[in-house]
Amino acid sequence: MTAVVARHAGQDATGLRSVSISTRVIGCFARHEELGPTQVARELDIAKSTAHEMLVALTTGGLLERAPRGRYRLSLQLFDYGQLVLDRLPIRRVARPELLALHRRVEETVQLGLPAGGRVVYVERFDHGSLPEEASVEWMRKVIGFASSSGRVLAAFDEDIAEATLALPRTRYTPRTITDTARLRQILAVARERGWVCTSEERAVGLTSMSAPVFAASGRVSAAVSIVGRTRALTGTRGEFILRSLVVSAQRISGELAACGDD
C-alpha cells in the first residue's frame with residue numbers, strides 16, 4: 001500500500017512538473033514569434049528532448065502549430081481562448097453600454113483598461129477613427145502604465161498597482177514624457193484628489209488622453225475608463241465637456257458594478 005501511494009505521488013509530481021514546463025514554454029512565445037526545441041531548451045534551461053516533447057504535446061493540443069524549418073508558433077486557438085476571456089469578463093459586460101454611450105456623446109476614442117503588473121490591458125475600445133493608424137494598433141494591446149492616463153489613474157488609487165507601475169523601466173517616448181519618480185508620485189497624489197488624470201503628448205506627439213477610475217463593489221479600483229484623441233480636440237471648452245462626461249461615465253459604471261456585487 002505504501003509503495004502504491006509513493007508511486008502515485010511520484011506520478012503526480014511528474015505531471016505537475018510537465019504542466020509547469022508547458023506553461024513556461026507557452027510563455028517563451030510571448031517574446032518570440034517562432035521557436036525550435038533548441039531555443040526553448042536554452043531559454044528554460046531544460047533538456048532539448050524535453051523541450052521537443054513539450055512542443056509536440058502543445059501542438060497536438062492545438063495551442064501551437066508547426067512553422068517551417070522545424071519551428072513552432074502560437075496557434076489561432078489561443079486567439080479563440082483570448083476572445084472567450086474578454087467575452088466573459090463581468091466588468092466588460094457591465095461597462096460596455098456606458099462606454100458606447102460615452103463614445104457617441106464625445107465622438108472620441110473610448111477605452112476600458114485593466115491593471116496588469118504595472119501595465120494596462122485594454123479590453124474594450126470604441127474607436128472614433130481620429131487616431132493615427134500606428135497609435136490605434138499599439139493601444140489595442142498592453143502598454144506601460146507610467147506614461148498613460150489609465151495606468152496613472154489605476155496607480156493613484158491602489159498602492160500595489162503604483163509600486164508595480166513605478167518598478168518597470170521608463171522610456172521617454174516624447175520630450176514631454178515624465179519619468180522622474182518623485183514627479184510621478186506627485187501626479188498620483190493630485191489624481192487621488194481630483195478623481196481623474198490627463199496626460200498630454202507623453203506617449204505620442206499630438207495626442208492627449210484622460211482617464212477616470214472604476215471601482216468594484218469592494219471599493220477597490222478595478223479599471224480605468226479613458227478617452228484618447230488629438231490634443232487640439234481634448235483641450236479648451238470641448239476638453240472640459242469631455243472630461244466631465246468621462247468622470248460621470250466612470251461613476252455610473254462603478255455604480256453598476258456595486259449594484260451587481262461584482263469585484
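## Cores, a helix and cysteines

Cys 28 has 0% relative accessibility, so it counts as buried. Keep in mind as you look around that this is a predicted model.

**Nonpolar cores**
- The largest nonpolar core has 26 residues, and those with the most contacts inside it are Leu 99, Val 214, Val 225, Ile 227 and Leu 246.
- At least two residues of this core come from each of α5 (90-106), β3 (109-116), β4 (119-126), β7 (207-215), β8 (221-230) and α10 (236-260).
- Helix α10 gives the largest share of this core, seven residues.
- Another core, of 15 residues, lies apart from this one and has Leu 35, Val 40, Ala 51 and Met 54 among its members.
- Leaving aside neighbours within four places in sequence, the contacts of Ile 227 include Leu 102, Val 106, Met 210, Leu 234, Ile 242 and Leu 246.

**Helix α10**
- The 25 residues of α10 should span 36 Å at 1.5 Å a residue, which agrees with the 37 Å between its end C-alpha atoms.
- Buried residues of α10 include Gly 239, Ile 242, Leu 243, Leu 246, Ala 250, Ile 253 and Leu 257.
- An α-helix has 3.6 residues a turn, so residues three or four places apart point the same way.
- Among the elements covering the buried residues of α10 are α5, β7 and β8.
- Gly 261 follows α10 and has a positive phi, near 75°.

**Cysteines**
- The structure holds zero disulfides.
- With a relative accessible area of 37%, Cys 198 is partly exposed.

Notes:
Residues numbered from 1 in each chain as written. Predicted model: local features only at pLDDT ≥ 70, side-chain atom pairs only at ≥ 80, totals over all residues. Heavy atoms only, no water. Core = buried A, V, L, I, M, F, W, Y, C linked by side-chain atoms within 4.5 Å. Buried < 20%, exposed > 50% of the residue type's maximum accessible area, 1.4 Å probe, protein only. Helix = DSSP H or I, 4+ residues; strand = E, 2+ residues; numbered from the N terminus. Contact = heavy atoms within 4.5 Å. Expected span 1.5 Å × (residues − 1). Disulfide = S-S within 2.5 Å.
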